[in-house]
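The sequence and structure are shown first.

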Amino acid sequence: FPANVIGLLFLLSTQALRGSVAVDWNTLSECLLLVQTWVVGNEHAMNVPAWSMSCLLFFYLIFPVILPRLVRLKTATLQVGLLGLWILSAVVLPELARWPWGFDPSDWTQHLHTSPLLRSAEFVLGMGVAVLVAMRGKPPIWWFRLAVPLILGLMFFTPSETMAVNNGLFAPFTISLLLAFVNPGPLLERLGNSGPVRTLASASICIFLLHMTWINLFKGWVLPHLHLEWDLWTLGLFLTLVLTSSVLVDRFICQPLSRLPLNRG
């Protein structure tokens, strides 16, 4: 929530600087509460990347309800259930885009891609895989060496329009990538636990919620004002500003707020 509020304030501030001050208060309320993806047509309102955080809020709410039930399942039952969830997210949900049921087709298709209720199938898949790892142990290190290059290559060459409605079809590949990082080997494990990597990991949500406003600010004001184009130098400046601002917001605002007594217990 703190990162979401900072992201909205940053967006509204840049819009005000550019002369755009019109605000729909109902939409602003939805975005502040992170429930914009629960409404058809409002998924990408205001700070667009926040749609993912809206889904995340929904997932956090269902997590304590679903996890104990997954833990009680037998391994075979859990595996069959995960296969069923994948079929649901990969086949059934995209087919819903063919029947808009009175909604504007573009809004309905976008809602299918961002709806937390529909995307929760993928989230529960991840929970189930975590339970399986807890039951059966980590995959061998050769999994990392084989899975990472294969899956990253697949993701690189997959056309973006393939995932226009819902990318649940690729859940087995993303799960394989996650499993590979469960046991990456001692060298990468030390790298992952290093200070810089942990700092960036902690700031990842801030990076996600601030980067789009930085992009619009660069495209709409910084580059035209300085008569510059996108190149390696301006890209480096852009990345530096995004990472620096995100780390500072996380370090001095989000982390202190997360340690308040309200969040304990």
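Cys-55 is buried, its relative accessible area being 3%. The model is predicted.

**Cysteines**

- Across the whole structure, a search finds zero disulfides.
- A disulfide is a covalent bond that joins the sulfur atoms of two cysteines.
- For Cys-254, the closest cysteine sulfur is that of Cys-206, at 3.8 Å, which is too far for a bond because a disulfide requires the two sulfur atoms to be within 2.5 Å.
- Cys-254 is buried, with a relative accessible area of 11%.

**Helices α3 and α11**

- Helix α3 spans residues 50-71 and helix α11 spans residues 204-226; their axes are 9 Å apart, and the two helices pack at an angle of about 135°.
- The two helices α3 and α11 are therefore oblique to each other.
- On the α3 side the contact involves Ala-50, Ser-52, Met-53 and Leu-56, which meet Ile-205, Phe-208 and Leu-209 of α11.
- By class, this contact of α3 with α11 comprises six nonpolar residues, one polar residue and no charged residues.

**Helices α10 and α12**

- Helix α10 (residues 195-202) packs with helix α12 (residues 232-258) at an angle of about 75°, with the axes 9 Å apart.
- Helices α10 and α12 are therefore roughly perpendicular to each other, because angles of 65 to 115 degrees count as such.
- Thr-199, Leu-200 and Ser-202 of α10 make the contact with Leu-243, Val-247, Asp-250 and Gln-255 of α12.
- The residues in the contact of α10 with α12 divide by class into three nonpolar, three polar and one charged.

- Asp-24 is located in the loop between α1 (2-17) and α2 (25-32).
- With a relative accessible area of 46%, Asp-24 is partly exposed.
- The side chain of Asp-24 reaches the backbone nitrogen of Thr-27 at 2.8 Å.
- A polar atom of the Asp-24 side chain also lies 3.3 Å from the backbone nitrogen of Asn-26.
- Met-46 is 22 residues from Asp-24 in sequence, and the C-alpha to C-alpha distance between Asp-24 and Met-46 is 9.7 Å.

Methods:
Residues numbered from 1 in each chain as written. Predicted model: local features only at pLDDT ≥ 70, side-chain atom pairs only at ≥ 80, totals over all residues. Heavy atoms only, no water. Axes fitted to C-alpha atoms, helices over the stretch in contact; angles between N-to-C directions. Helix = DSSP H or I, 4+ residues; strand = E, 2+ residues; numbered from the N terminus. Parallel < 35°, antiparallel > 145°, perpendicular 65-115°, else oblique. Contact = heavy atoms within 4.5 Å. Nonpolar A, V, L, I, M, F, W, Y, C, P; charged D, E, K, R; others polar. Buried < 20%, exposed > 50% of the residue type's maximum accessible area, 1.4 Å probe, protein only. Polar contact = N/O pair within 3.5 Å; in protein donor to acceptor, adjacent residues only side chain to side chain.
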